[in-house]
Structures are given as structure tokens and as C-alpha cells.
Amino acid sequence: MAVLTKEIIIEDILAKFEGSLILDEQTATDMPLLVCKRESIINLLEYLYFHKQFQFQFLTTLCGIHYPDNEGAEFAVMYQIHSLVNNIRLRFKVFLSKDDLHIPT
């Protein structure tokens with residue numbers, strides 16, 4: 001069996017969500033950052049949680065971030081999840097406008 005890597009997981013996410021739900025991808029750090037639309041965050045997290053191999057079942061961080069100079073996307077909600085069985089962590093951000101501050105929970 002091949003070793004599971006963060007690159008394999010990101011490839012799977014991009015294929016599963018057909019690239020339309022992931023707006024940006026930054027993988028230069030040890031914890032990849034994927035930016036997605038608010039409409040997709042629940043489906044994405046559920047997919048990773050229930051995936052038989054990935055098992056991202058530990059939410060390490062959930063926080064809000066303020067970017068006052070980022071007009072139209074002044075706020076973000078960040079999720080950091082961890083697959084304990086695979087020892088892989090991922091970070092997701094959903095950006096929100098100051099005029100539309102709601103996100104599904």
C-alpha cells in the first residue's frame with residue numbers, strides 16, 4: 001500500500017470538488033492552505049471526516065481572522081484539521097465580506 005501524503009489528499013480534494021469549490025491553494029508550508037467558498041466548507045469537511053482512508057476527525061483550530069485592508073473579503077474563518085491516524089494536517093480558509101458575515105455551521 002502506498003504511503004498517504006498531503007499531496008495525494010489535495011489531489012483527491014481537487015478532483016472530488018472539480019476545482020470549482022477550491023478558490024486557491026497554497027502548499028509551500030508543512031500545513032497546506034486551501035481557500036474555499038463558504039457554500040462548500042461543510043461538504044468538504046464532512047468528506048474528509050468520513051473518508052475511509054483520510055480520517056480527518058480532529059479539529060485543532062477554528063478561529064476568525066480580520067483583514068481590514070482586504071476589501072470585499074475583510075474576514076475569514078480558518079479551520080485546521082488533523083488526521084491522527086495518518087499524522088497529516090490541513091488548513092482551510094473561507095473569506096467573508098463585512099457586509100455578508102454568515103457561514104454555515
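1. Does Arg38 count as buried, partly exposed or exposed? At 15% relative accessibility Arg38 counts as buried, where buried means under 20% relative accessible area, exposed over 50% and partly exposed in between, with a 1.4 Å probe and protein chains only.

2. On the basis of the note: this is a predicted model, in which local features need pLDDT of at least 70 and side-chain atom pairs count only at pLDDT 80 or more, while totals for chains, interfaces and linings use all residues. Residues are numbered from 1 along each chain as its sequence is written, and side-chain values use heavy atoms, with hydrogens and water left out.

3. The count comes to 2 salt bridges, a salt bridge being a side-chain nitrogen of Lys or Arg within 4 Å of a carboxyl oxygen of Asp or Glu. Arg38 pairs with Asp100, the closest N and O atoms being 2.6 Å apart. Asp100 lies in the segment after β5 (88-96) and Arg38 in the loop between β2 (33-36) and α2 (41-50), so this pair ties together parts that are 62 residues apart in sequence; helices (H or I, at least four residues) and strands (E, at least two) are DSSP runs, numbered from the N terminus.

4. Arg38 also forms a salt bridge with Glu39, with the closest N and O atoms 3.9 Å apart. Glu39 is exposed at 60% relative accessible area, whereas Asp100 is partly exposed at 30%. Shared partners join Arg38, Glu39 and Asp100 into one network.

5. The whole structure has 0 disulfides, a disulfide being a pair of cysteine sulfur atoms within 2.5 Å. The sulfur of Cys36 is 14 Å from the closest cysteine sulfur, in Cys63, which is too far for a bond.
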